[in-house]
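Hello,

Here is the model I promised to pass on to you. Have a look at it first, and my notes follow below.

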Amino acid sequence: MNVTHANFAGLDLLASAVLLIDDGQAIRYLNPAGENLLAVSSRSVVGKRLGEVCQCSSTLQAAIDNGLHNNWGYTGQNISLGRADGETLHLNCTVTPLRPDIAAGMRLLLELQPIDHHLAATREERLLEQQQANRELIRNLAHEIKNPLGGIRGAAQLLEHELGNPSLKEYTQVIIKEADRLQDLMQRLLTPHRAMLPTTVNIHEILERVRSLLTAEFAEGLRVRRDYDTSLPELVGDREQLIQAVLNIARNAAQAMAGQGEIVLRTRALRQVTLAKKRYRLAMEIKVIDNGPGIPDDIRERMFYPLVSGREGGNGLGLTIAQNFIQHHQGSIDCHSRPGQTVFTLRLPVEPA
C-alpha cells in the first residue's frame, strides 16, 4: 500500500511516532514523528523488517509477536529501543492489531512516545522563564554599571592631566584600561538585544563561514568535518546572528580541546516538531559535535547563564549570546555532554507556525 493513502494521511500530523507493519514485521508506513524519533527517512526504511531498522527489547518484541499471532494489543511504559546510530531510547509503547478491512496487508500499528518528551518540554519552559528573568536582571545591572564607569574613566583622565609626576600616570592608566574592559563587557551583555535583520539565508553557507573562521583561528590540530543534508531549504533569519550563535558554540568546543581534536557540523531535516510551544511542519536541526573532555558537571545546568564559564579567562557570554540569538529565531538549543563527546543541538523552524 502506498504510504500516502488517504486512510493514513492524518497520521502525518501526530506528534507521536507511528509505524505500520505487516505479517513479516516489515515496515509499511512511518510518519514524520517516527522519522525524527528513529533518525531515518521513511523512504529508506519502508519495506525493511523492523529488526533491520531498530533493536527492539525482548518485551516489545514479545508484544509484537503476540499481536501478530494472537491478535493481542499491548501498552507498556519505559520500554527500551535501540536506534541504528547506537542511541537507546526509552519509550511508552502501544501495539494495536488492525482489522484487514482497515488496512490491507498491514497487521499492527505501533505508537511510540519518548517518556522524556513531556519532562523536556516542562524543563524547557521553566528554563526559558528563568533565563528571561536573568537576562532582564543582567541587562538592568549592565545599564547601572555602565553609567558610573564612564564617570570613573573621565575622572581618571582628568587626574592624569593634573599629575605632575609621570610615574603616577601608570596608575591612572590602570583605571582607564580596566574601565574600558568593563564597559566592553557591559556592551556585550547588552548586544543580544539588538533588533533582528531578517533575510533569506542558506544554513550551509553559514556553517561554511563558521568552518573557515575556525580553521583560520586553529590552523593546526583542529579538524572540522561536514555532515550536511544538502536538500535542506533556505530559511528566513538574521545571517550575522546565526553565524555568531554557531561560531560561539564551535569556538567554545575548540578552546575546550585546546585546538586539538575534531568538530562535526551536521544538518538534518525535521518534520512535525514543536519549538517554543508552536508546531511546525518543517524545521532543521544543526548539531555541533566535538570529541573533547566534556562540560564539567558543576556548570552543566548553568552553562547558558551569563558570566558562567568553565574556562579560565572566559567571560561566560558565548553560550548566553548563542541561546538569545537562537531564541530570536523561535528555535531551541540544548546540549548533551560526556567525556569524549559533547553535542549541541540547534533546532530552527523553516516554515511558519
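Ser42 sits in helix H2 (residues 42-45); helices (H or I, at least four residues) and strands (E, at least two) are DSSP runs, numbered from the N terminus. Ser42 counts as buried because its relative accessibility is 11%, with buried meaning under 20% relative accessible area, exposed over 50%, and partly exposed in between (1.4 Å probe, protein chains only).

Some housekeeping before the rest. This is a predicted model, in which local features need pLDDT of at least 70 and side-chain atom pairs count only at pLDDT 80 or more, while totals for chains, interfaces and linings use all residues. Residues are numbered from 1 along each chain as its sequence is written, and side-chain values use heavy atoms, with hydrogens and water left out.

Now the sheet. Five strands make an open sheet with mixed pairing, in the order E8-E10-E11-E13-E12; two strands pair if DSSP finds at least two bridges between them. At the edges are strand E8 (222-227) and strand E12 (332-338), each of which pairs on one side only. From one strand to the next, the twist averages 20°. E12 runs antiparallel to strand E13 (residues 341-349), joined to it by seven bridges, and Arg338 is found opposite Gln341 in E13. Helix H10 (residues 318-328) packs on the sheet, where it touches E12 and E13, and its direction makes about 25° with that of E13. Axes here are lines fitted to C-alpha atoms, for helices over the stretch in contact, and angles run from 0 to 180 degrees between N-to-C directions.

H10 deserves a paragraph of its own. Since 10 of its 11 residues are buried, H10 is largely enclosed by the rest of the structure; Thr320, Gln323 and Asn324 are among the buried ones. Just after H10, Gln330 takes a positive phi of about 60°. The axis of H10 comes within 8 Å of that of helix H8 (residues 239-256), and the two cross at roughly 145°. Residues of H8 including Leu242, Ala245 and Ile249 meet residues of H10 including Leu319, Ala322 and Phe325. The residues of this contact divide into eight nonpolar, six polar and no charged (Ala, Val, Leu, Ile, Met, Phe, Trp, Tyr, Cys and Pro count as nonpolar, Asp, Glu, Lys and Arg as charged, and the others, Gly among them, as polar).

What about the interior? The largest nonpolar core has 41 residues, and Leu214, Ile263 and Phe344 have the most contacts inside it; such a core is a set of buried Ala, Val, Leu, Ile, Met, Phe, Trp, Tyr and Cys residues joined through side-chain atoms within 4.5 Å. H8 gives the largest share of this core, nine residues. Leu214 touches Leu222, Val224, Leu247 and Ile263, among others, not counting residues up to four places away in sequence. Apart from this core lies another, of 25 residues, among them Leu30, Leu37, Leu50 and Cys93.

Finally, a hairpin. Strand E4 (residues 74-83) and strand E5 (residues 88-97) pair in the antiparallel sense over seven bridges, with Val95 in E5 as the bridge partner of Tyr74. Four residues lie between the strands, and Gly86 takes a positive phi near 100° in this hairpin. E5 is also joined by seven bridges to strand E6 (residues 108-114), again antiparallel, and Asn92 stands opposite Gln113 in E6.

Best wishes

Key. Contact = heavy atoms within 4.5 Å.
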